[in-house]
Amino acid sequence: MIAEETTKKIYEREDLLTGCQAVAQAVRLADVDVIAAYPIRPYTEVMDALSKIIADGELDAEYIIADSEHSQFEIVKHASSVNARAFAGSSGTGWCYGFEALVVTATDRLPVLFLVGNRALDDPGAFGVEHNDAMAVRDMGWLLCWVTTPQEALEHVLIGYRIAEDKRVRMPMALAMDGAFLTHSQHMVKIPTTEAVRRFLPRFDLGDGRLHPDNPISIAPQVNEDWVMELRRQNWDAARRARGVIKQAYEEFNGVFGERYSSPFFTEFMTDDADTVLIGLGTVCAPGRTAVRRLREKGEKVGFVSLRWFRPFPTIELREALSRFKAVGVIDRDFAHGSPDDGGILLHEVRSCLYPLKNRPAVTNIITGLGGRDVSIDDCIRMFRIAQKSKTDDKLDDFVTWIGVRE
Amino acid sequence: MASDVVVYDKIKGVHKIPLEEFYTSGHRTCQGCESATTMRGFIKAAGPRTIVTGSTGCMYVANTSYMTTPWIVPWMHTQLGAGGSSAVGMAAGLRALKRKGKIKDEPINAIAFCGDLGGGDMGIGGISGALQTDYDLLIIMYDNESAANTDIQATGLSTYGAQTTFTPPGSKHRIMQRRWKKNVAGMLAVGHPTCKYVATACATFPPMDYMNKVRKALAVGGPTFIHTYDPCPKGWDFHPRYSHEIGEMGIRSGLYPLFEIIEGQVIYTYDCRKSAKGRTPVKDFLVAQGRFAHLIPEDFEYIQKRVDEMWEEWEIPGIAPIKGILKG
């Protein structure tokens, strides 16, 4: 009975929602002040949902239909500078169209939250998922994380604002989710009460950094070589501090909503006694985990690691976790043409993170699921086979394997 | 929302201009810089309850250096093409915070400035978007007819025939700037029927005109736009002592039409039609500047013909290049 009463207070209802709709509910709960919209598939459904939420009076916010992504991102950046909590989002080439604004939002240290519904970059046109769009901000001073269910998506809008707006951090946040597979797939979602959200998420306060006649400051004057390096260093420090704030935010979240997250940065599945694991971002964890179960039935010691936080990268935690395994297969739903070993972006990050270890696991790379191509359970079993082989064969002919491509 | 708007009095003479400065020392603009005068004037007219964004351009790079900012009011840099969108962001943020009781409900001006390259070329879509909203904001496009901070490159607003670093006269092509000056204020007025105020101005001529236009724009409410003509001694190649005179000559020649459009009503602040004040020869204005030194008589004739057409044949002189509907 007590447990049920507590649940009632934390959640107002349960609803069948897509990833985008779940984010829209979270934006309502976060009492966002300014939203700027511009259509592009697949993220755009969040703006459809928000426009209706606002039309029905469920959220009091300014809703601006911008003339381009560049304006869309600049609008929320400047709304944030006057201390408004702001939300926007995009996908694929739309994200790239506003890239200049994305860079300055980070260097101006304005904690706007963006939804990135991952989409393949043109040309040729494709609506399906690919992670290169969101990855483009990875070195710019952004918080960047991937979620795998609508429930997680909803919760990470709240967690995202909590971290981004913390004065030790003040970085914009990109909440990435796989186009179609998550943006448009429906799950049952528990929607928190505004009271519970208020207990977790404090009001946004830029303090003496806000632009207001009572606080006449100049933001981002020309500095040239005199000060840029010191400012870059401040961004660097903020990104480093963010790791600690992330941990604190999840503890606080668990404190209000129960033990939702055992680890902030990544989730391990059946890894306790595993010798071979796959690691990936986003919804590829679904076929990955099913493949783990099937191989476990045959007695194979395999597991799956779903990486959630990409920026800041959980260097220490991931290094420690992966050091327990003999082989790690890194799944990239992105490309980095011409990069070392011609692998994907995640490969380089993971391999670099493991480099200081004396006894490193064997690391291989799988590039798959580009442009929204389905990644099947059998595909994931093949990935495990490649990773397992790498344990004994350190001279693999094909260090990088493309799975699911017609050759 | 009229209650959001500061109420202003018309400045009735040079001696009535507010003494208090909100754009002061610290900037590094050139001697004779008329764009600096444009900056100083708008913030004098608007007063301290104002937030300003400045797009990248000479009025950013030369104007607002770290530790020596001239701005007494809160100011923020915005990107080259973000004049319109930065104003919308500020105004929307302020409106939401006031309505939701998160900050005191009081009138605060949101002003964005951008240059002719940032506003007239790159940022024209963002300005158009801003003028479609109902936010109280003012966008000032200061037009010195070039990318003045990057070495004087031609923009879509450079006068026909002007020499710039992108349009040097050569042995094969005498004229490289073959584009006619983009009619930004006219285009924005015609394209945005709900925008209540669009004007052109020159910071120093006629006296008081510019500052009162800024006040009118801020007092009328909603999104508003002012295009200023700012002679640039460095880019236009004339002695800095003559900046005001060059501006006045440009306006008297009819090349730079001065007008305001208040809720659809056109008022010429300097009427260059033959039936009104008339025009001085465009050549007098052009030969006063080094950037037109390579022009020959037929170029002057061509420019003069276009200016004459603008004032005597356009259906809305100086504003909309449509001919012959009413006469037919």
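The following paragraphs lead through a predicted model with chains A and B, beginning with the domains of chain A and ending with a covered strand of chain B.

Chain A is divided by its domain assignment into domain 1, residues 2–257, and domain 2, residues 266–403. The centres of domain 1 and domain 2 of chain A, taken over C-alpha atoms, are 28 Å apart. Where these domains touch, domain 1 of chain A contributes 26 residues and domain 2 of chain A contributes 20 residues. On the domain 1 side, at least two residues come from each of helix H7 (132–135), strand E6 (143–146) and helix H10 (228–257) of chain A. Sorted by class, this side of domain 1 of chain A has 17 nonpolar, five polar and four charged residues.

Chain A can next be followed through its sheets. One is an open sheet of seven strands with mixed pairing, in the order E3-E2-E4-E5-E7-E6-E13. Strand E3 and strand E13 (309–311) of chain A stand at the edges of this sheet; each has a single partner strand, so one side of each is left without a neighbour in the sheet. From one strand to the next, the twist averages 20°. Within this sheet, strand E6 of chain A and strand E7 (residues 173–178) of chain A pair in the parallel sense over four bridges. To locate this pairing in the model, one may look for Cys145(A), which stands opposite Leu175(A) in E7(A).

Another open sheet in chain A has six strands, in the order E10-E12-E11-E14-E15-E16, and its pairing is also mixed. Its edges are formed by strand E10 (266–269) and strand E16 (400–403) of chain A; each has a single partner strand, so one side of each is left without a neighbour in the sheet. Here the twist averages 25° from one strand to the next. Strand E15 (residues 362–368) of chain A pairs with E16(A) in the parallel sense over four bridges, and Asn365(A) stands opposite Val400(A) in E16(A).

Helices pack on this six-stranded sheet. Helix H14 (residues 377–392) of chain A touches E11, strand E12 (302–307), E14, E15 and E16 of chain A, and its direction makes about 140° with that of E14(A). Helix H13 (residues 345–354) of chain A lies across strand E11 (276–281), strand E14 (327–332) and E15 of chain A, running at about 150° to E14(A).

How many residues of chain A are in contact with chain B? There are 38 residues of chain A in contact with 42 residues of chain B. Strand E3 (62–65), helix H4 (69–81), helix H6 (99–107) and strand E9 (218–219) of chain A each supply at least two residues of the chain A side. The largest share of that side, nine residues, comes from H4(A). By class, the side of chain A that touches chain B has 20 nonpolar, ten polar and eight charged residues.

Particular elements meet across this interface. Helix H3 (residues 83–99) of chain B lies across strand E2 (34–37) and E3 of chain A, running at about 160° to E3(A). Strand pairing also crosses from chain to chain: E9(A) is joined by two bridges to strand E2 (residues 75–78) of chain B, and these strands run parallel. In this pairing, Ile219(A) stands opposite Met76(B) in E2(B).

Chain B itself has eleven helices and ten strands. Its radius of gyration is 19 Å, close to the 20 Å that the globule rule gives for 328 residues, so chain B is as compact as a globular protein of that length. Along its principal axes, the C-alpha trace of chain B spans about 65 × 55 × 40 Å. Of the 328 residues in chain B, 53% are buried.

Strand E1 (residues 50–55) of chain B illustrates such burial, for six of its six residues are buried. In a regular strand the side chains alternate between the two faces of the sheet. Both faces of E1(B) are covered: Thr50(B), Val52(B) and Gly54(B) are buried on one side, and Ile51(B), Thr53(B) and Ser55(B) on the other. E1(B) pairs with strand E3 (residues 109–115) of chain B in the parallel sense over five bridges, with Thr50(B) opposite Asn109(B) in E3(B). E1(B) is also joined by four bridges to E2(B), again running parallel, and Thr53(B) stands opposite Met76(B) in E2(B).

Notes:
Residues are numbered from 1 along each chain as its sequence is written. Chains are lettered from A and ligands numbered from 1 in the order in which they are written. This is a predicted model: local features need pLDDT of at least 70, side-chain atom pairs count only at pLDDT 80 or more; totals for chains, interfaces and linings use all residues. Two strands pair if DSSP finds at least two bridges between them. Axes are lines fitted to C-alpha atoms, for helices over the stretch in contact, and angles run from 0 to 180 degrees between N-to-C directions. Two residues are in contact if their C-beta atoms, placed from the backbone, lie within 7 Å. Ala, Val, Leu, Ile, Met, Phe, Trp, Tyr, Cys and Pro count as nonpolar, Asp, Glu, Lys and Arg as charged, and the others, Gly among them, as polar. Domain bounds come from an automatic or database domain assignment. The radius of gyration is taken over C-alpha atoms; the globule rule is 2.2 Å times the number of residues to the power 0.38. A residue is buried if 20 or more other C-beta atoms lie within 10 Å of its own, exposed if 12 or fewer, and partly exposed in between; C-beta atoms are placed from the backbone.
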